[in-house]
Amino acid sequence: MIKCIIIDDEPLAIQLLTNYAQKSKDLEVVDTFSNPIEALHALSLQDVDLLFLDIQMPELTGIQLMKITNGKYEIILTTAYDQYALDSYDFDVVDYLLKPITLDRFMMAVEKAKKRLSPTPIDSTASEPAIAKDYMFVKSGTKTLKVNLSTILRLEALGDYVAIHTTAGEKILSAENMSYFEVSLPEADFMRVHRSHIVAFSHIDFIERNRIVIQGKRIPISVSYQQAFWVRVSA
């Protein structure tokens with residue numbers, strides 16, 4: 001079970017999300033809070049995996065709370081405002097739900113959280129890639145392609161697919177998820193730096209602040225991966 005807390009200054013929003021959560025067999029609502037400061041104090045005393053977090057709240061905004069918790073929890077943002085979507089990528093949130101939130105959209109976000117919190121990739125036994133030294137096999141549509149690892153520049157999540165960008169300018173689309181590639185690719189050569197990005201260290205041109213540049217493409221390093229990334233870079 002995924003233990004979650006709902007934080008929203010609107011009682012009706014809390015009630016709706018609680019009702020939705022009760023319909024999911026994967027969620028356990030540990031507590032709900034209309035006051036984000038009270039929630040922050042409670043988090044230090046509770047074992048929690050996931051936060052449903054509103055952004056616009058008095059005293060402490062959702063963005064500020066994420067900065068304080070610094071990647072300790074998986075986050076699903078809930079808000080009536082879409083202008084914060086870009087900021088959410090810097091915090092590597094699971095999903096961004098715009099109010100009014102429908103049940104099907106809520107359940108989609110929960111599925112994403114399950115994949116993030118799963119210790120192993122979901123359904124990984126169904127189609128494991130064959131990795132042999134310097135190449136791997138990747139299912140793409142009706143084909144199974146042999147991809148030389150040395151040609152992979154980066155991987156990017158695109159909706160239900162992962163795009164593998166290669167040195168030949170190809171963009172190979174795979175239905176596998178990012179967690180699948182994160183555990184399948186050699187750890188010495190590849191690293192996940194964002195919910196939506198895995199990079200090949202050998203193809204990094206330069207790093208500017210918390211942005212990686214590979215062949216002109218700027219890739220953000222999200223807050224939850226920054227410490228591990230800079231340790232790898234400085235090793």
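Predicted model: local features only at pLDDT ≥ 70, side-chain atom pairs only at ≥ 80, totals over all residues.
I count two strands as paired if DSSP finds at least two bridges between them. My strands (E, at least two residues) and helices (H or I, at least four) are DSSP runs, numbered from the N terminus.

Residues are numbered from 1 along each chain as its sequence is written, and side-chain values use heavy atoms, with hydrogens and water left out.

**Strand β3.** I looked up the partner of I6 and found F52 in β3. Strands β1 (residues 2-7) and β3 run parallel, joined by four bridges. Five bridges join β3 to β4 (residues 74-79), also parallel. There, L53 stands opposite L77. I then followed the chain from β3 through helix α3 (residues 62-69) to β4; this β-α-β crossover is right-handed (clockwise from the first strand over the helix to the second, with the strands pointing away from the viewer).

I checked burial next (buried is under 20% relative accessible area, exposed over 50%, partly exposed in between; 1.4 Å probe, protein chains only). In β3 (residues 50-54), five of five residues are buried. L50, F52 and D54 lie on one side, L51 and L53 on the other.

**Charge over a ring.** I found the charged end of K146 over the ring of Y135, 4.4 Å from its centre (the rule: NZ of Lys or CZ of Arg within 6 Å of the ring centre and within 35 degrees of the ring normal).
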